[in-house]
2 protein chains.
Amino acid sequence: MSDPANKLPIGIFDSGVGGLTVYRALHDRLPNERFIYLGDTARVPYGTKSLATVERYAIENSEFLASLGIKMLVVACNTASALALPAIRAKIGIEVVGVIGPGGRRAVEVTSGRERPVIGVIATEATVSSGAYQAAIQRASATAEVIQQGCPLFVPLAEEGWTREPETYSIAERYLARIRESRPDALVLGCTHYPILRDVIQSTIGEDVQLIDSGEATADEVVALLAELGLADPDEVGGSRRLCDDLDHFFVTDAAERFANVAERFLGTTPSKLEAIEVYGLDQVKGGSVIK
Amino acid sequence: MSDPANKLPIGIFDSGVGGLTVYRALHDRLPNERFIYLGDTARVPYGTKSLATVERYAIENSEFLASLGIKMLVVACNTASALALPAIRAKIGIEVVGVIGPGGRRAVEVTSGRERPVIGVIATEATVSSGAYQAAIQRASATAEVIQQGCPLFVPLAEEGWTREPETYSIAERYLARIRESRPDALVLGCTHYPILRDVIQSTIGEDVQLIDSGEATADEVVALLAELGLADPDEVGGSRRLCDDLDHFFVTDAAERFANVAERFLGTTPSKLEAIEVYGLDQVKGGSVIK
């Protein structure tokens, strides 16, 4: 018989819908696991907000997921990973995985053939200001040169689904010109929304530049970590496993319908179990209350 | 001696910085009055959020301002005005003025020479979905035809300060083409951010179309309402009165520094008195607590 902790789901939170790309990457790799996803759609975006506020939101989200019983927490949001991991770890007693470390390490891995790799990082303003990717990359490589660029309009463009519009190409050209001039070996997509604009970004930065999806890199590290900690669920789940089936539970803090629509666009399916909740002031509210 | 209520300041709230344009319009017209401004920068934007959430945020903001002692509340945010006025009025016992009614009435006034005026409205998705401008215009004119268009990328473009970029013109062309085809007599700027993009919008919709700034229209109605209710302050304030001087008090729920930078861009000056506070769960927290 397996340890009861192994039977708990894995928690994932994001500031909104972007983290669904991380959910998909985890789901693809871990057919025995169940997931609880929280999208903080009432307070999205995080990328333009301050350290103090991002920390507060991240802790509230983490405590909500921890209160439901999870064996590991994946912080899918790059901004929250960049700013709030120490604060989250200080608050909850379970393993916490962010996306910055895995993304940074993957960038170093794929450029390991170069003596002095040049790695571009595109992210929100808050993530860029934190310097977290730069630090993660330079911990993994003493010689890597890192060039960062904030791309604040990419999130609203992705949310609007403007993935092929000429304006999106033009804005990408403006944001990426400086990094392209430095002839990067790899470019980290340092925000969960950016994989949605992958085609635009790839064609603008150049086809020879390897794009790093931090969510994919994180999913690989979660697989390894579950094994290392002996937390993987050894039992196959019953029935056929598909994305968003009723073994996975989705929560949003606002606008469940909009979330379902975007999920359909991202994943080709909508969550079977989707609930709107409040997470703020959880110590008063205990477990969140259904607002919709 | 004047009634003590006359000496109270006027409260203004917005989802963020856009309402500063309404503050300026009020300040220009009311040199004897003091203002308290709250920008809910921790939860901006409202325009993509649900009715339930916008109502909750609007009530929290209103209760915070009411707790400081104000004689009138101006809801500068179009989305909150469109969705939450009845909820706010049910909660606080002071006069509440939104921007939708004044903006709609002004549009009807300026097109009153037309037998069947055509009025365009551009706004956030939430404001458009609410139908509030349509209702306000049609209450003032039985014959007006209203054509609405959501322009979700205008807020991030204005926040980025992209007021002359070719991409902004191109995006405006895309959003405004349908309204322009209907040959409108007037176009309502139904979001406090849009006046920042006034030049782009005017040149795209056509120089002969009259743009309606709901904030300006609202300020005119506030002047009239103060007189009507006998709430105007008859005494001149001491010293020379200028925008953002220390008689006006500014609060934000996040990132005071960013707010000060945007205020500099919008108003050419920064608030003398600017504080970051929390407004959520105010019934527990009582009066907000300083978070920064």
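**Helix packing, burial and domains**

Reply: Start with a helix pair. Helix H4 (residues 100–110) of chain A packs with H10(A) at an angle of about 100°, their axes 8 Å apart. Axes are lines fitted to C-alpha atoms, for helices over the stretch in contact, and angles run from 0 to 180 degrees between N-to-C directions. Helices (H or I, at least four residues) and strands (E, at least two) are DSSP runs, numbered from the N terminus. That angle makes H4(A) roughly perpendicular to H10(A). Angles under 35 degrees are roughly parallel, over 145 roughly antiparallel, 65 to 115 roughly perpendicular, and the rest oblique.

Me: Which residues of H4(A) and H10(A) make the contact?

Reply: H4(A) gives A:Pro102, A:Gly103, A:Arg105 and A:Arg106, and H10(A) gives A:Ser214, A:Ala217, A:Thr218 and A:Glu221. Contact means C-beta atoms, placed from the backbone, within 7 Å. By class these residues are 2 nonpolar, 3 polar and 3 charged. Ala, Val, Leu, Ile, Met, Phe, Trp, Tyr, Cys and Pro count as nonpolar, Asp, Glu, Lys and Arg as charged, and the others, Gly among them, as polar.

Me: What should I know about the model and its numbering?

Reply: It is a predicted model: local features need pLDDT of at least 70, side-chain atom pairs count only at pLDDT 80 or more, and totals for chains, interfaces and linings use all residues. Residues are numbered from 1 along each chain as its sequence is written, while chains are lettered from A and ligands numbered from 1 in the order written.

Me: At what angle do H4(B) and H6(B) cross?

Reply: Helix H4 (residues 100–110) and helix H6 (residues 132–140) of chain B cross at roughly 50°, their axes coming within 8 Å. That makes H4(B) oblique to H6(B). Their contact has 8 nonpolar, 3 polar and 1 charged residues.

Me: How many residues of helix H1 of chain B are buried?

Reply: Buried means 20 or more other C-beta atoms within 10 Å of the residue's own, exposed 12 or fewer, partly exposed in between. In H1 (residues 20–29) of chain B, 7 of 10 residues are buried, among them B:Leu20, B:Val22 and B:Leu26. The buried residues pack against elements including strand E1 (10–14) and helix H11 (256–267) of chain B.

Me: Where are the domains of chain A?

Reply: Bounds come from an automatic or database domain assignment. Domain 1 of chain A covers 4–99 + 217–285, and domain 2 covers 101–214. Their C-alpha centres are 23 Å apart. In chain A, 23 residues of domain 1 contact 23 of domain 2. H3(A) gives the largest share of the domain 1 side, 4 residues.

Technical notes. Two residues are in contact if their C-beta atoms, placed from the backbone, lie within 7 Å.
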